[in-house]
Amino acid sequence: MTRLIFLGPPGAGKGTQAQTLAEHLNIPHISTGEILRQAMKEQTHLGIKAQAYVDSGELVPDQLVEDLVQERLSQPDAKNGWILDGFPRKVTQAAFLEKLLEAIHQGGERVVNLDAPDEIVIARLLARGRKDDTEEVIRRRLEVYRAETAPLIDYYGDRKKLLTVNGNQSQEDVTGELQKVIAS
Ligand code: AMP
């Protein structure tokens, strides 16, 4: 049973690696950013509420992402494991997740910290060219990452759940290191 949380700065390759690994393990890849972008595209209630935050690189309010994660982890396919990508993104969300997993009997999760230096992630994000990948919004997302999300490295380190993978290498090498680390 594999339950993994992917941590790391925007542009570290979390999405690509999480997707590859999820396919390999045949478990759902749950990306809160993807779910929000889809909701924005469809202009659902959730999408309309999230739009201004996502477009400016701010975090959407906890309640919105917590509700969607709770709903998604309650789906039948999440019983066989999952990879969470982009959630939790702050300590309050991590505390919420801890309680949720206990309540739905889905413990034993581990956390992969996919690390890469700023100049690498900025270059990758600029090359990607998503709507929220303008220079100004990228800068804001990195600030938000440092202030809100990076503290989760210690949070999960203290709980002995943290695994670290060097994101500053080729996609194939990251995949290889990742598979080694989670098998250990
Ligand atoms: P991502 O695709 O993970 O880079 O997420 C894109 C954007 O979605 C972020 O910049 C946030 O605005 C929003 N978002 C995704 N996940 C979360 C989360 N766990 N908490 C708050 N906002 C989120």
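I30 counts as buried, at 1% relative accessibility. Buried here means under 20% relative accessible area, exposed means over 50%, and partly exposed is in between, with a 1.4 Å probe and protein chains only. I30 is in strand 2, residues 29-31. Helices are DSSP runs of H or I with at least four residues, strands are runs of E with at least two, and both are numbered from the N terminus.

A word on the source. This is a predicted model: local features need pLDDT of at least 70, side-chain atom pairs count only at pLDDT 80 or more, and totals for chains, interfaces and linings use all residues. Residues are numbered from 1 along each chain as its sequence is written, and side-chain values use heavy atoms, with hydrogens and water left out.

Now the ligand. Where does the ligand sit? In the largest pocket. A pocket is found on a 1 Å grid over the protein atoms alone, as an open set of points with protein on both sides within 12 Å along at least five of seven lines. A molecule sits in one if more than half of its atoms lie within 2 Å of its grid points.

Two elements give two or more residues to the shell: helix 2 (32-41) and helix 3 (45-56). Helix 2 gives the most, with 4 residues. In total, 16 residues surround the ligand. To count as near, a residue needs a heavy atom within 4 Å. The closest are T32, R37, E58, G86 and Q93.

By class, the shell has 7 nonpolar, 4 polar and 5 charged residues. Nonpolar covers Ala, Val, Leu, Ile, Met, Phe, Trp, Tyr, Cys and Pro; charged covers Asp, Glu, Lys and Arg; the others, Gly among them, are polar.

Next, distances. A side-chain N or O atom of R37 is 2.9 Å from a ligand oxygen. G86 uses its backbone: an N or O atom there lies 2.9 Å from a ligand nitrogen. R130 has a polar side-chain atom 3.4 Å from a ligand oxygen. On its own, the ligand has 480 Å² of accessible area, and the protein covers 96% of that. Areas come from the Shrake-Rupley method with a 1.4 Å probe.

On to backbone geometry. Most residues other than glycine have a negative phi, and most peptide bonds are trans. Which bond is cis? The one joining F87 and P88, with omega about 0°. P88 is in the loop between strand 3 (81-85) and helix 5 (91-103).

H105 is not a glycine, yet its phi is positive, about 55°. H105 lies in the loop between helix 5 and strand 4 (110-115). Is H105 buried or exposed? Exposed, at 69% relative accessible area. K160 also has a positive phi, near 60°, and is not a glycine. K160 is in the loop between helix 8 (151-158) and strand 5 (162-166), and is exposed at 76%.

Last, two side-chain pairs. Q106 is in the loop between helix 5 and strand 4. Q106 is buried, at 3% relative accessible area. The Q106 side chain makes a polar contact with the W82 side chain, at 2.7 Å. A polar contact is a pair of N or O atoms within 3.5 Å; within protein, one must be able to donate a hydrogen and the other to accept it, and residues adjacent in sequence count only if both atoms are side-chain atoms. E23, in helix 1 (residues 14-25), is exposed at 57%. Its side chain makes a polar contact with the side chain of Q19, at 2.8 Å.

Technical notes. 1 Å grid on protein atoms, 1.4 Å probe; cavity = no way out; pocket = protein on both sides within 12 Å on 5 of 7 lines; lining within 4 Å.
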